[in-house]
Amino acid sequence: MSQPSPAPTVQWADAKHRYEILVDGKRAGLTAYRDRGEQRVFYHTEIDDAFAGQGLASRLVQEALTDVRESGKRIVPVCPYVAKFLKRHEEFADITDPVTPDVLQWLDTQLG
Ligand SMILES: CC(C)(COP(=O)(O)OP(=O)(O)OC[C@H]1O[C@@H](n2cnc3c(N)ncnc32)[C@H](O)[C@@H]1OP(=O)(O)O)[C@@H](O)C(=O)NCCC(=O)NCCS
């Protein structure tokens, strides 16, 4: 009988400015950010096609945002997936800041 697959895990890849989700030890997706003072600005989330539609993005973003809270930082949801997630998870409303033109201009500069 085959062993059940271990649960996906989320790891913080600080040097790459992103959180990654691993399935069976392989990277299945990521959510990327840049830090702007106390704000962690999330700008892109992706899950590999082979793992789509299994709730992995939801799990990844849930753990990433929980880490932001534990770090005492704030969330800025430029990424449409993170923005949509936050509409359904009001528990992060107290640490969420709006996406402003200033943030978008700053992000453009950061990402070159
Ligand atoms: C968007 C993406 C990360 C979702 O990954 P996933 O693991 O399949 O997502 P989950 O199973 O956790 O959730 C699926 C939900 O994502 C929503 N979704 C899919 N594409 C989306 C997008 N571009 N923006 C916002 N939400 C999106 C779906 O509508 C679905 O919502 P529902 O739960 O209300 O039905 C993945 O499809 C992907 O990598 N897409 C290409 C990159 C991209 O468009 N990223 C988002 C903007 S940066």
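Two strands count as paired if DSSP finds at least two bridges between them. Strands (E, at least two residues) and helices (H or I, at least four) are DSSP runs, numbered from the N terminus. The model shown is predicted: local features need pLDDT of at least 70, side-chain atom pairs count only at pLDDT 80 or more, and totals for chains, interfaces and linings use all residues. Residue numbers start from 1 along each chain as its sequence is written.

**View 1. The five-stranded sheet.**
The open sheet has the strand order β1-β2-β3-β4-β5, with mixed pairing. Its edges are formed by β1 (9–13) and β5 (74–77), each of which pairs on one side only. Neighbouring strands are turned against each other by 30 degrees on average, direction ignored; axes are lines fitted to C-alpha atoms, for helices over the stretch in contact, and angles run from 0 to 180 degrees between N-to-C directions. Helix α1 packs on this sheet and touches β1, β2, β3 (26–36), β4 and β5. The direction of α1 makes about 35 degrees with that of β3. Contact here requires C-beta atoms, placed from the backbone, within 7 Å.

**View 2**
Strand β2 (residues 18–23) pairs with β1 in the antiparallel sense over five bridges. Four residues lie between the two strands of the hairpin. In the loop between β1 and β2 is Ala15, which counts as exposed with 6 C-beta neighbours inside 10 Å. The loop between β1 and β2 also holds His17, a residue other than glycine whose phi is positive, near 55 degrees. His17 is partly exposed, with 16 other C-beta atoms within 10 Å. For these classes, a residue is buried if 20 or more other C-beta atoms lie within 10 Å of its own, exposed if 12 or fewer, and partly exposed in between, with C-beta atoms placed from the backbone. From C-alpha to C-alpha, Ala15 is 16 Å from Gly29, and the two are 14 residues apart in sequence.

**View 2. The hairpins on either side of β3.**
Strands β2 and β3 run antiparallel and are joined by six bridges. Arg18 stands opposite Ala32 in β3. Two residues separate β2 from β3 in their hairpin. Asp24, in the loop between these strands, has a positive phi near 50 degrees although Asp24 is not glycine. With 9 other C-beta atoms within 10 Å, Asp24 is exposed. Strands β3 and β4 pair in the antiparallel sense over eight bridges, and Leu30 stands opposite Glu46 in β4. The hairpin of β3 and β4 likewise has two residues between its strands, with Gly37 in the turn at a positive phi of about 60 degrees.

**View 3. The largest nonpolar core.**
This core has 21 residues, of which Phe42, Leu60, Val61 and Ala64 have the most contacts inside it. A nonpolar core is a set of buried Ala, Val, Leu, Ile, Met, Phe, Trp, Tyr and Cys residues joined through C-beta atoms within 7 Å. Two or more residues come from each of β2, β3, β4, α1, β5 and α2. Helix α1 gives the largest share, six residues. Apart from residues up to four places away in sequence, Leu60 touches Val10, Tyr19, Ile21, Gly29 and Thr31.

**View 4. Helix α3.**
Helix α3 (residues 101–111) lies largely in the open, because the number of buried residues among its eleven is zero. Just after α3, Gly112 takes a positive phi of about 70 degrees.

Definitions and conventions
Contact = placed C-beta atoms within 7 Å.
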